[in-house]
Amino acid sequence: MTKIDILNASIAIISLEGFEKLTLSTLADKLGVKKASIYYYFSSKDEIILSLYENAKKILSRFTFNINFSLSSAEVLTAVYTHWEKIYNDKEFRLYLSLIEQRYMIDDEAFEIKNSLDLMIEAQSDAVIENLIERKKLFFPNKKLLSFLFSASAKESLKREESESFIEDFISSFSH
């Protein structure tokens with residue numbers, strides 16, 4: 001058993017059964033070891049959770065992308081949304097997203113990660129919408145409002161996994 005085995009088992013328990021089901025006893029049972037073996041790597045459940053948050057941050061940092069603004073507005077918006085969709089649909093990150101969603105209202109670390117993800121979407125929306133309007137590829141009098149509409153709608157759509165209808169409806173409403 002390794003530290004990674006403990007973290008993998010922990011995130012699996014949390015995502016499948018819920019945060020409250022994760023105890024050092026259930027973790028030891030799942031791993032087929034004695035609880036004392038877990039203490040060799042982690043002194044508490046809280047320490048495990050902090051390591052899980054660090055893993056979530058590492059996974060998020062791997063998602064980078066570049067935007068080709070020579071494309072049409074529909075293609076640019078689709079590329080941006082597809083990038084976010086890759087994050088939300090990443091098999092590994094979805095496990096961590098479950099932990100974050102369960103804990104962000106009561107845990108500062110989870111809130112920080114959720115907030116960072118939301119801010120990333122908002123900042124990227126601002127930059128993309130502003131660029132498309134300046135290039136006269138989108139026509140809307142209030143770029144801050146359009147950016148807000150795009151990011152807020154995208155975040156809601158990503159949570160509900162409604163990407164196809166969202167992106168088509170949004171793009172057809174604001175691009176030409």
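Is Glu92 buried, exposed or partly exposed? Select Glu92, which is found in helix H6; helices here are DSSP runs (H or I, at least four residues), numbered from the N terminus. Glu92 counts as partly exposed because its relative accessibility is 37%, where buried means under 20% relative accessible area, exposed means over 50%, and partly exposed lies in between (1.4 Å probe, protein chains only).

Before continuing, note that this is a predicted model, in which local features need pLDDT of at least 70 and side-chain atom pairs count only at pLDDT 80 or more, while totals for chains, interfaces and linings use all residues. Residues are numbered from 1 along each chain as its sequence is written, and side-chain values use heavy atoms, with hydrogens and water left out.

**Stop 1: around Glu92**

Next, display the C-alpha atoms of Glu92 and Ala56. These two residues are 36 residues apart in sequence, and their C-alpha atoms are 8.9 Å apart in space.

**Stop 2: helices H1 and H4**

Select residues 3-17 for helix H1 and residues 45-61 for helix H4. H1 and H4 pack at an angle of about 90°, with their axes 10 Å apart. Axes are lines fitted to C-alpha atoms, for helices over the stretch in contact, and angles run from 0 to 180 degrees between N-to-C directions. The angle makes H1 roughly perpendicular to H4; angles under 35 degrees count as roughly parallel, over 145 as roughly antiparallel, 65 to 115 as roughly perpendicular, and the rest as oblique.

To see the contact, show Lys3, Ile6, Leu7, Ser10, Ile11 and Ile14 of H1 together with Ile48, Ile49, Ser51, Leu52 and Asn55 of H4. By class, this contact of H1 with H4 has seven nonpolar, three polar and one charged residues. Ala, Val, Leu, Ile, Met, Phe, Trp, Tyr, Cys and Pro count as nonpolar, Asp, Glu, Lys and Arg as charged, and the others, Gly among them, as polar.

Ser51 counts as buried because its relative accessibility is 17%. Leaving aside neighbours within four places in sequence, Ser51 is in contact with Lys3, Leu7 and Phe42.

**Stop 3: helices H4 and H7**

The contact of H4 with H7 has seven nonpolar, no polar and four charged residues.

**Stop 4: helices H5 and H6**

Ile87, Tyr88 and Asn89 in H5 meet Lys91, Phe93, Arg94 and Leu97 in H6. This contact of H5 with H6 has four nonpolar, one polar and two charged residues.

**Stop 5: the cavity**

Rolling a probe the size of a water molecule over the atoms shows where empty space is left. On a 1 Å grid over the protein atoms alone, a cavity is a set of points where a 1.4 Å probe fits but cannot get out, and its lining residues have an atom within 4 Å of a point. Which residues line the largest cavity? Select Tyr88, Leu97, Glu101, Lys114, Leu117, Asp118 and Lys159. H7 gives the largest share of this lining, three residues. By class, the lining of the largest cavity has three nonpolar, no polar and four charged residues.

Focus on Asp118, in helix H7. Asp118 is buried because its relative accessible area is 15%. Asp118 touches Tyr88 and Lys155, not counting residues up to four places away in sequence.

**Stop 6: the loop between H7 and H8**

Finally, select Lys136, in the loop between H7 and helix H8 (143-160). Lys136 has a positive phi of about 60° although it is not a glycine, and at 58% relative accessibility Lys136 counts as exposed. Lys137 lies in the loop between H7 and H8, and Lys137 is buried, with a relative accessible area of 17%. Display Ser73 as well: the C-alpha atoms of Lys137 and Ser73, 64 residues apart along the chain, are separated by 5.6 Å.

Definitions and conventions
1 Å grid on protein atoms, 1.4 Å probe; cavity = no way out; pocket = protein on both sides within 12 Å on 5 of 7 lines; lining within 4 Å. Helix = DSSP H or I, 4+ residues; strand = E, 2+ residues; numbered from the N terminus. Contact = heavy atoms within 4.5 Å.
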